[in-house]
Structure formats: structure tokens, C-alpha cells
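Subject: Handing over the structure

Dear colleague,

I am passing this structure on to you together with some notes on what was found in it. Please open it first and look it over slowly, and then read the notes beside it.

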Amino acid sequence: MLHLSSFYTAAQEKKGREIDDVTNEELEMAIYQKDTTANAVVLYEEGNNYFEVERKGNFQFIRLIKQYYCKIKILNEKGFDEANIEIPFYHADKETEKISNIKAMTHNGAQKIVVGQNDIYVTDINEHWSAYRFTFSDVKKGSVLEYRYTLKSPFFFNFEGWQFQSHIPKVKSRFTALIPGNYVYNRTLFGSQKLAVNDASLKKSCFYLDGASNGADCEKLTYEMVDVPAFKEEEYMLSEKNYISRIKFELSEFHDFRGSSHKYTKSWEDVDKEFRYDKDIGRQLNKVNFFKDIIPQEALNEENNIKKAEKIYNFIKEYYTWNGKYGLFSDSRITDAYKEKSGNISEINISLINALKAAGLEAKLVLLSTRQNGLPTKLHPIISDFNYCIAMLEINNGMVLLDASDKYAPFGILPFRALNHIGRVMDFKNDSYWIEVSPYKKNHHILTTSVKIDEEGTLNGKFRLTSSGYFMFSKLKEIKSQSKEKYIEELGSRFQNIEITDYNTSEMGNSITETFSFKINEGVTIVNGNIIFSPFLFKDLTENPFKVENRGYPVDIGYPKKFSSNISVAFPENYKVENTIQPETTLLIENGGKLTLIKQEKGNIFNILYNFDLNKSYYPTEEYKELKAIFTKAVNIQNNESLIAKKQV
């Protein structure tokens, strides 16, 4: 909060847009022509932002004012959720944002139903955020909803910008701001939608100093988008923050009215110095001696550095239980976490770094942003972009990225949430630097199934599945989070009348192999003495995850993956397969992947070799259609291919 007694504003009270502004055309609207699938549409929204001075006794305080207005058309019953409104506000220490002048009205033809003040309530979201909530009354198909409010904030960093795009389409979205020259904000436009209005001009003498002959000039901004499509979340995407159309503001500098300046956007050199002595980061990385007495002697005595690192990693991973919190830039206390055998991400991974250093290994802290938090910008340090940290082990002229927070994560394989492309290495002896956060690449799903079919349609077979890399990671969670009996029961629930016997698992390195024998009664169809059998009993894909015809953002599957099936089907000796499965070979451009299907026949034995390789973790937008098409082929092969065996006379 700024305590200022030497200036005032001459701006008059600014009134936001009032409600009760609905046209007959809007009331009669039955469908949104630019998106006939829309359940609701924002007809108009407007944000008006400016700064004003508030006087309290002999003191004056600068306040950021945000005025918001929105008008929504409900097109059908599925759009009724848009009647539930939440207006968040921030509070910290003794300061809080204040919401006022909330007005809301439902229009049903000529009828106007006002939301009463008693129907508006406040609820807490977390430690620093609360929200006003209300629901529009008498919402029907065809209703038009209007609401407005004013937010007054002492937190200038909360002037974050404007989101033009949302989960429903918008006819027009308009953002205006009047920013005194004392405040310098960096701004970035995200998303693929274009601005219809992009106007910046100078307004002279809009903010005044007490006793000064001239007022401060202001930057007047107007940004507007029209016909903004709904943002539709698709499978295999990073955070919507990376793609949704919005403009982001970040406070860079403030020049106060006494002539001094405060820089908020710093260099990485400045950030490195701060972190070196930060009580939650730098100081916690100086607990090496504490861990020298904790690490098992077996690990310290190991001569092979890779094996030594693995033993220390496994010790930390098994000792600590993650409490579900990230904890970056919050109260991280390494010794307390050790006593409790539990901690947040920062406490666990900083403990890992200290333990590796205590064993004579070189390890550093890496700041990350999780997949759902958005990509950090490289333009300049924005520390709020980061919400996660891991360890980087420098060993044998290379590096290994480690996260000990997940008990099922093999050495060198990061949890999926951390696979967000880039990280910042905090090298406190030298300058920090960016690295690529590359996923583990040997992720194989290799299935071997041998089946013997008798003339009554009963299947007897053997199953072998080797899961490596990230497939092992997820398989370990699935198997070890429940009893063996429960896992086998769930495995069998995928089939009718299946009997599973001799189930076993074995682990080797970064892979796990499952084997079992099975019997399925009535597992095939018999028509006129012919045996009809779908050979893909165990499927990798049952449907195509890519639904839309065109996609406006890249596909990010997290890590490369390979699926292989080797299927051997033995029909009764006097049967022969009549139909034929067509071989398949499809390649993706830029070595992006490959789909192959090969058949082999010998008497009553039919073999299928199937491989589906996705060689990249990231596919740009222009490769989407080919990627969707190859998935369609893979799904069709597994769901629709059948063998028809006819009894030979």
C-alpha cells in the first residue's frame, strides 16, 4: 500500500455502464448464427479500468478501480449454468479488495427480475481469495442476463489484463484502461484471435499532484475483439492459459511523486541474488551437513555415482510422503519436513538436492511451471509464472532431472504434471539459465497374446504385457495402490466370463512385465459353423481422442510412446481363416510416427503384428489432421478387425 499525502486526482466520479440495456432483437434471438451449437452467448462485455485517489484523514491512497459489465443470452437449457456468477476478490495481511455496486437483472421478454442484495453472498475460496456469488432468478430459454459491479483494489499487481475468450462465444468484448504515466506495465497478447480495436493514445493531465501546476499524463487504452469463438478444451493440450485469447499486464515500474522509482520487473541477475539468500529457497539449500548424518551408509559407500544417486533418490522418495502442496515461495522448512516425514514439493526436492550434495554429487534447483499452470515467459523474469521445482543432477557429463515426490516414479522419470518444456536452473554459484525439460523417451507398451479357440467358442490363452518408462509409472500406481486380488478383479471386469490364473509381475530397470493365463467362455461368435473372432482382446485405444475437425492449438501428449501387439490365434485344426486382414503402413510427416499392421498365416494359426509409434511429444497445429487420421486408423484396426474361420470338409 502506498501512503501518499502530496497529491490528489481531479478526475470526477466515473460511472460504470448501468444495467437495463437490452434490445428487442436480443430478446427475440433464438440461435447464434456464428455458432449454432452454442448454449449461451455473451452479447457484450466491457471492462473499464482506471486509478483514483482515496482520502482517509490526512492520508491519501492510490486505488485501482475495475468496472465490469456483462450481458448474456441463454439459448437453451444447457446454458442455464451461465446464471451462476462468481466475482473473486483478493486479500492479504490487512489489505483487501472491495466489491461494490453489484447489480443484476434477468430479462424475460418485458418482464425484469432484479437479483436482491440478500441473494448475494460471500464465500472463501482459499487463504487469499474470496468471492461474491449469486444466481440469476427465473432463468429460462431465451432469457437475457445483465450484471455489473465495481472492484476497488490497493494491489496494483492485480491489474492483470483482460480475457477476451471463454468457454462460450462472445459477440463483442471490450477493454479500456486509463493508466497514469507513473505506472509502467508490460503487456502481452495471447491466443490466435485478432484485435478488432487496438488503440493507445495520450490523455494530458489526467492525474494530479497536490500543489503541482501540471497533472500527470495518462495512457488511454482500448482493446476490442468481436465474434470471439468459444474456447473448447481438447485432449492432449497444455494449460488453456497458453492459447486462450487474452491480454496480460504485468507491473514493470512505478515512479512515485517524490522522484524515486521502483522496479518490479528485474533481471535474472537480480532474481539470482534474491534467491540465494531467500529463507524458503537459498537458505534451505544449505542443509547439506544435516543430511550427511541421515543418508544410509550403503548409499554413501557406493562407488558408482549413478547407482549412488539412485539409492539416495529412492531413500528420499520412500522416506517422504507428499502432502499434495507445491509450496514454492511459501514457508519451506527442510528440518521440519524431515521430522514429520511429509512435505510439499519444494521441501521434498530441496531435501533431495541437499542429500545428493552430501554424497558428493552435483545437484541444482530447477524452477518449473506445471502443465496446468501455463508456460513461463522467457522475455523477462516473472517469478509468479513458476509454481514448482525439481532437482537437476549433473553426472557423467550429462544431466538427470529428478522429482522425489511420487513414490512410483522411477529414477529419471518426472511426474506428468512437470512435463512443461522449459525450466530455469538456479545456479547460485553462477548465473541461472534455461534448460529444456525433456520427457523420458523409451515409453513402450508391448503386448503378446496367444489364444487357442475350440469348436465350442471357448478361448484359452496367455497374456504378457511389458510396460516401460511412463507406462511403467502409471502401471505401478495402478497395481500397487490396491491389493493383488482387487487388481486382478478389475482386470477381469473388462471381459465377461473370464478366468485369470497364474498372475505374476516382474520388474527390471524402468519396465514392469505382467503375465497370466486366461480362459473366456463364449468368447467368440459361431454362425453356421464359422468361428468369428476379434483378435484385439486387449486394446490400447477404444476411441479417437481427437474429435474436432480443426484445432487451433498444438497437440501435446507429454512424451513419445510406442504400442506393440503380437497376437497369435490358433483355431481348431480343421478350420482355416477365410477372410484376410489388409496390411497397413501409415507414416506421419517429420518422423512424427508410424502405424503398421502385418499378418502371417500358417495352416490354422493366424498371427498379427501391430505397431503404433508416436515419436514426438509435441505436434504443431499444422500436423493435427494427419495425427487425427492415424488415430482413426488405429482405433478402427483394434475395434473392427475380425477373423472368420471356416471348418474344412
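The chain holds 10 helices and 38 strands, and please keep in mind throughout that this is a predicted model. Its C-alpha trace spans about 105 × 75 × 45 Å along the principal axes, and of its 649 residues 51% count as buried. If you take the contacts between residues at least 6 apart in sequence, 73% of them join residues that are at least 24 apart. The accessible surface of the chain comes to about 31,800 Å², and carbon and sulfur atoms account for 46% of that area.

A place to begin is arginine 551, which you will find in the loop between β30 (530-533) and β31 (555-556). Is arginine 551 buried or exposed? Its relative accessibility is 6%, and because the cut-off for buried is under 20%, arginine 551 counts as buried. Its side chain reaches the backbone oxygen of proline 554 at 3.0 Å, while the backbone oxygen of tyrosine 553 lies 3.1 Å from a polar atom of the arginine 551 side chain. Leaving aside residues up to four places away in sequence, arginine 551 touches Glu234, Glu235, Tyr236, Met237, Phe546, Thr621 and Tyr624.

Two of the residues in that list, Tyr236 and Phe546, lead on to the aromatic rings. A pair of aromatic rings is described by the distance of the centres and the angle of the planes. How many aromatic pairs are there in the count? The count comes to 52 aromatic pairs, and one of them joins phenylalanine 134 and phenylalanine 136, whose ring centres are 5.5 Å apart and whose planes stand at 70°, so this pair is edge-to-face. Both phenylalanine 134 and phenylalanine 136 are buried.

Tyrosine 236 and phenylalanine 546 form a pair with ring centres 5.8 Å apart and planes at 45°, so this pair is tilted. Because tyrosine 236 lies in the loop between β15 (216-228) and β16 (246-255), whereas phenylalanine 546 lies in the loop between β30 and β31, the pair ties together parts that are 310 residues apart in sequence. Tyrosine 236 has a relative accessible area of 28% and is therefore partly exposed, while phenylalanine 546, with a relative accessible area of 2%, is buried.

Finally, please look at the backbone of two asparagines. Asparagine 396 lies in the loop between β21 (388-395) and β22 (398-402), and its phi is near 50°, which is a positive value in a residue other than glycine. Asparagine 591 lies in the loop between β34 (584-587) and β35 (593-602), and here phi is near 55°, again a positive value in a residue other than glycine. Are these asparagines buried or exposed? Asparagine 396 has a relative accessibility of 59%, and because the cut-off for exposed is over 50%, asparagine 396 counts as exposed. Asparagine 591 has a relative accessible area of 58% and is likewise exposed.

With kind regards

How values were computed:
Residues are numbered from 1 along each chain as its sequence is written. This is a predicted model: local features need pLDDT of at least 70, side-chain atom pairs count only at pLDDT 80 or more; totals for chains, interfaces and linings use all residues. Side-chain values use heavy atoms; hydrogens and water are left out. Helices (H or I, at least four residues) and strands (E, at least two) are DSSP runs, numbered from the N terminus. Buried means under 20% relative accessible area, exposed over 50%, partly exposed in between (1.4 Å probe, protein chains only). Contact means heavy atoms within 4.5 Å. Accessible areas come from the Shrake-Rupley method with a 1.4 Å probe; for residues, only the protein chains shown count as cover. A polar contact is a pair of N or O atoms within 3.5 Å; within protein, one must be able to donate a hydrogen and the other to accept it, and residues adjacent in sequence count only if both atoms are side-chain atoms. Rings of Phe, Tyr and Trp (its six-membered ring) pair if their centres lie within 6.5 Å; planes under 30 degrees apart count as stacked, over 60 as edge-to-face and the rest as tilted.
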